[in-house]
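Hi,

Here is the structure I said I would pass on. Have a look at it first, and my notes follow below.

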Amino acid sequence: MGAMIAMERLRTSLRGELVLPIDAAYETARRVWNGMVDKRPALIAYCAGRDDVVAALAFARQHDLPASVRAGGHNVAGNSLCENGLVVDLSRMKAIHVDPVRRVARAAAGLTLAEFDAATQAHGLATTMGVNSDTGIAGLTLGGGIGRLGRKHGLACDNVLAAEIVTADGRLLRASEDENADLHWALRGGGGNFGVVTAFEYRLHPVGPTVLAGSLLYGSDAVRGALRHCREFSRAAPDELCVDAALVSGPDGRPAASISPCWCGTVEAGLKAVAPLRAFGAPVEDRIGPVAYTQMQKGGDELFARGRRFYWKAQFLPELSEQAVDALVESFAGVPSPLSVVVLQQLGGAVARVAPDATAFVHRNAAYDCFPIAIWEDPADDERNIRWARELYAAMQPYSSGVYVNNLGDEGEERVRSAYGANYARLQRVKARYDPTNFFRLNQNVAPMRAPGDRIN
Ligand SMILES: Cc1cc2nc3c(=O)[nH]c(=O)nc-3n(C[C@H](O)[C@H](O)[C@H](O)COP(=O)(O)OP(=O)(O)OC[C@H]3O[C@@H](n4cnc5c(N)ncnc54)[C@H](O)[C@@H]3O)c2cc1C
């Protein structure tokens, strides 16, 4: 009875909305992007602003409830939801202000990539964001933020000038180069470990409105050759050019290679730059051409539709060696679902010119983020699709160098440490300073560094 009264009090104190299991909105509210995730939180607090975040966190503390943080809800493991706890949902916090003169955007944490890109492109500006437009800017940025502009402009997190955050004890802090600089460092790659970020300030760059992008599709007999050519071509590519690759099922149902360049300079220069890439072999399709930047950013939306069943396991590759190409092609051959893909997201360029300890994102030397994405629709097919992704991941392990925290599932402490790498101990010290009780632990968790004699749960 007391709990119900307390929940009703929280409901009336929020400017946003509180959804409980008894509410009609609950079934929809507890869903996230990955249809595999089926958790039942006790409360979902749709926050309207920072004051609501403070109130929701205070409630969770008082009632000793686990709290998770949801922005875009895209995390593959569903970490933004919790069983029997409180979800701090930011998805309705959509304010964005673009200063075209200073080239800075102040963006609330509930924006999706599509919303952010639309607002910044209205001024001919952009900053690096990912490839599926209903991903949240918040989770993406806090883990790093790999995207098509990265080789020219760095990761999303490299462009974070400042962030506003509510800590576990309800303090409102600003983190920038001049204020709480240790927190500013940790928020750029350290994930959701330090508090609830309510807004980011991003550095913007002139981009578009048109870029040169699209894909070349090679049939099964040319897959290996296409990947090799792509690797050789990409090694010397200028920063304006990012060439992602994927293994997919072609129109004939057999394995195919999709090579996807994106040139973020002028279209004329781009056409010259990609000509040697296009000259290879006889692609089944060549769909490279001028396209609106905002349109290109939606390229993955159809495949990565909300509610499908997804499973993936990721790893960085310092290079795409001959053996790695062979292992990829051989493992892909057994793919059980025609929707599934293996993605190679290219890094390098400006990403690699930042020192590994300059921000919490440590994997600066990676050439590619490589991950099999199993995609299917029938729960009866769960096991074989998951097995395929695991086996492909295992086959690629000898060529890998750590994992991207944003592509990590629920995979245990060793993998979490492999995500933070040499920056882990420093992250633990920042964690001890801003979240010493590990209140924010439903994430790829950094345990607070203990002082001798400390007891931390
Ligand atoms: C289809 C698809 C495509 C993707 N493509 C890319 C890509 O191109 N590049 C890339 O870098 N990543 C990509 N990702 C990975 C993506 O960056 C992560 O899934 C990221 O966690 C999504 O952010 P979100 O806000 O949508 O997630 P959510 O699930 O809402 O949040 C994930 C976690 O982030 C933390 N978090 C989120 N918001 C906050 C906040 N405001 N304050 C504190 N902690 C917070 C929490 O720990 C939370 O559990 C992709 C993911 C998917 C599913």
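I started with the ligand. Helix α5 gives the most to the shell around it, with five residues. Bear in mind that this is a predicted model. Besides α5 (137-143), the strands β3 (67-70) and β10 (196-203) each supply at least two residues of that shell. The shell around the ligand counts 36 residues, and those that come nearest are Gly72, Gly130, Gly136, Gly139 and Gly192. By class, the shell has 21 polar residues, 14 nonpolar ones and one charged.

Next, the domains. The assignment for the chain gives three stretches: 2-89 as domain 1, 96-206 as domain 2 and 210-407 as domain 3. I looked at how domain 1 and domain 2 meet. Their centres, taken over C-alpha atoms, are 23 Å apart, and twelve residues of domain 1 are in contact with 15 residues of domain 2. On the domain 1 side of that contact, helix α3 (residues 50-62) gives the most, with five residues. That side of domain 1 is made up of seven nonpolar, four polar and one charged residues.

Just after α13 comes glycine 421, with a positive phi of about 50 degrees.

That's what I have so far.

Cheers

How values were computed
Residues numbered from 1 in each chain as written. Predicted model: local features only at pLDDT ≥ 70, side-chain atom pairs only at ≥ 80, totals over all residues. Near = placed C-beta within 6 Å. Helix = DSSP H or I, 4+ residues; strand = E, 2+ residues; numbered from the N terminus. Nonpolar A, V, L, I, M, F, W, Y, C, P; charged D, E, K, R; others polar. Domains from an automatic or database assignment. Contact = placed C-beta atoms within 7 Å.
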